[in-house]
Amino acid sequence: EAKCFEWMHSEAYSRYTKRATGMTIGANITISLSGIANRVLGATVPDTITTSMIFGCISIGIGIVSMIREQFGWTELANNYKVSAKQWSEISRKMQEQLVIPPSSRKDCATFLKYVKQDMTLASEHNSKIPRDIRQQCFEKFNLIQNFNIPDICGQIEHTAIYVEPKMEPLLNHISVT
């Protein structure tokens, strides 16, 4: 499961980094080119008011695109996925380290699980929901592994069964009085 989470968070990080970077680079190039073109055309074309209005509109459009990028929060999402992928990788590595050594040399299981549980809580802290299509890609990539299934907590809330202590009948009902 840790490997799956690492893979899915890495894929999500890649997606949102590309989106944020693409919009930023596109906006910066367009602003630079429109500034250069405005300067060149302003010096050579007598009707500079129309030219300035065109390039002013381009700058406004770029401002709107930049605002939309910020509102989508793709950069922040990408960073959250990057952190989560790294944390799940560390959890997976810790488990692998314990499994490659002989059982007699391993840490106490309860202590080890306590530390891994803390790491898992920390990794889940960002609460980065994995997009549905990435979960599907994960399943398609790893479903040849026997008994493979997408990890339970993968972006959606599921009901948790609560343990209920079975009721014990009073002891007096089983004692026969003679």
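What share of the 178 residues in the chain do buried residues make up? Buried residues, meaning those under 20% relative accessible area (1.4 Å probe, protein chains only), make up 23% of the chain. The structure is a predicted model, in which local features need pLDDT of at least 70, side-chain atom pairs count only at pLDDT 80 or more, and totals for chains, interfaces and linings use all residues. Residues are numbered from 1 along each chain as its sequence is written, and side-chain values use heavy atoms, with hydrogens and water left out.

The chain contains 5 helices and 0 strands, where helices (H or I, at least four residues) and strands (E, at least two) are DSSP runs numbered from the N terminus. Along the sequence, the pattern is therefore written α-α-α-α-α. Of the contacts in the chain with a separation of 6 or more, 76% are between residues 24 or more positions apart, a contact being heavy atoms within 4.5 Å. The chain exposes about 13400 Å², of which carbon and sulfur atoms supply 60%; accessible areas come from the Shrake-Rupley method with a 1.4 Å probe, and for residues only the protein chains shown count as cover.

Confidence is expressed as pLDDT, given by the predictor for each residue from 0 to 100. The chain has a mean pLDDT of 76, and 75% of its residues reach 70 or more. Among the elements, helix H2 (residues 48–72) has the lowest mean pLDDT, 75, whereas H3 has the highest, 86. Over residues 155–160 pLDDT stays under 50, and the model has 4 contacts beyond four places in sequence for them.

Helix H4 illustrates how burial is arranged. Its 15 residues, 109–123, reach 21 Å from the first C-alpha to the last, close to the 21 Å expected at 1.5 Å a residue; the expected span is 1.5 Å times one less than the number of residues. Phe112, Val116 and Ala123 are buried in H4. Seen down the helix axis, the buried residues of H4 fall within an arc of 25 degrees, so they line one face; the arc is that of the directions from the axis to the C-beta atoms. The face turned away from this buried side carries Ala110, Lys114 and Lys117, which are exposed, that is, over 50% relative accessible area. Helix H3 (74–99) is included in what covers the buried residues of H4.

Helix H3 also holds glutamate 76. This glutamate 76 is exposed, with a relative accessible area of 56%. Glutamate 76 and tyrosine 16 are 60 residues apart in sequence, with a C-alpha to C-alpha distance of 8.8 Å in space.
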